[in-house]
Amino acid sequence: MSPELKGRGRMIELRHLGKTYKTANREIVALEDINLSVQDGEIFGIIGLSGAGKSTLVRCVNLLEKPSSGHVFIDGEDITEFDRKSLLSLRRSIGMIFQDFNLLEQRSVLRNVTFPLEVSGVKRAAARERAMELLKLVGLSDRAESFPSQLSGGQKQRVAIARALATNPKYLLCDEATSALDPNTTRSILELLKKINQTLGVTIIVITHEMKVIYQICDRVAVLDQSRIAEEGSVSEVFTNPRSKIARELILPERIGASWQKNSSTEQQEEV
Ligand SMILES: Nc1ncnc2c1ncn2[C@@H]1O[C@H](COP(=O)(O)OP(=O)(O)OP(=O)(O)O)[C@@H](O)[C@H]1O
Ligand SMILES: [Mg+2]
């Protein structure tokens, strides 16, 4: 599939990003002075406690949420300046998946995957062909005519991944994509994400509160704490020697008895 996806020189860059929600009676600061670069081809993790600002951050990357201050650069272009048309086209290059899958219940698996293609005006036969190719990639060729209610959680997430990839995105944003799944299913979805990263060259941002997700697939990680980045670095650096208080609180309990280093080194070498 699409060798051009492996091209170099793209990236996501957040500069002095801030987001304040204004509700009827108060202001909630969700992000403050976030500076972050996600390099081409990497799997970048963002961890933090509930309410830290993780979902807000990832929603600012495709401007589902409008930043209150700062800039979002994608492939060197400041997308906070984009008009509606440019934004719509940009969003086709950024896929997104969620904890609760967000499938269209009235549509078959196949028609869930063709949906973004229909919206982009792709002809029915071509859309169907592309969707079948993607269902094969995610291991669900035989469930094309099923409906979401007939699938397991892991299968639903595979459909959501296929749908997110339909428009050939360069980036995939995953907001707690495995949080509703059991450990074995989580593992198989993470292996699928890694395969997508390695074979299609898709750059992936993974948001999670589960440390094992980070050390199983991420190259680098940022730790968010109360709307700010507390620390960032390679997964091995941050997990071996967490410097911030929040990173120590999140990471050290997971390490006790879990031997994460052993897991991470074997899993990173594993073929998927
Ligand atoms: N639409 C909104 N309106 C007002 N406040 C919001 C809105 N969305 C998020 N917030 C607030 O912004 C802060 C960050 O929320 P966010 O959803 O980004 O956190 P999170 O790290 O993703 O948490 P979780 O792990 O629970 O998903 C929270 O205080 C939240 O209440
Ligand atoms: Mg969230």
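Predicted model: local features only at pLDDT ≥ 70, side-chain atom pairs only at ≥ 80, totals over all residues.
Val 113 itself belongs to helix α3, which covers residues 109–119. Within 10 Å of the C-beta atom of Val 113 lie 30 other C-beta atoms; because the threshold for a buried residue is 20 or more, Val 113 counts as buried. Leu 165 stands 52 residues from Val 113 along the chain, yet the C-alpha atoms of the two are 8.6 Å apart.

Some of these partners lead on to the neighbouring architecture.

Six strands form an open sheet with mixed pairing, arranged in the order β6-β7-β8-β3-β9-β10. The edge positions are taken by β6 (94–98) and β10 (228–234); each has a single partner strand, so one side of each is left without a neighbour in the sheet. From one strand to the next, the twist averages 15°. At one end of this order, β6 pairs with β7 (residues 171–175) in the parallel sense, over five bridges. Within this pairing, Gly 95 sits opposite Leu 172 of β7. As a friendly reminder, sheet strands pair through hydrogen bonds of the backbone, in either a parallel or an antiparallel sense.

Turning to the ligand, the shell around ligand 1 holds 13 residues, and Tyr 21, Ser 50, Lys 54, Ser 55 and Thr 56 are the closest of them. Two elements, β2 (27–39) and α1 (54–61), each contribute at least two residues to this shell. Helix α1 provides the largest share, with three residues. By residue class, the shell is made up of eight polar, four nonpolar and one charged residue.

The chain as a whole gives these details their setting. The protein chain contains ten helices and ten strands. Of its 272 residues, 38% are buried, and Val 113 is one of the buried residues. Counting contacts in the protein chain between residues at least 6 apart in sequence, 65% join residues at least 24 apart.

How values were computed. Residues numbered from 1 in each chain as written. Chains lettered and ligands numbered in written order. Near = placed C-beta within 6 Å. Helix = DSSP H or I, 4+ residues; strand = E, 2+ residues; numbered from the N terminus. Nonpolar A, V, L, I, M, F, W, Y, C, P; charged D, E, K, R; others polar. Buried ≥ 20, exposed ≤ 12 C-beta atoms within 10 Å, placed from the backbone. Contact = placed C-beta atoms within 7 Å. Pairing = 2+ DSSP bridges. Axes fitted to C-alpha atoms, helices over the stretch in contact; angles between N-to-C directions.
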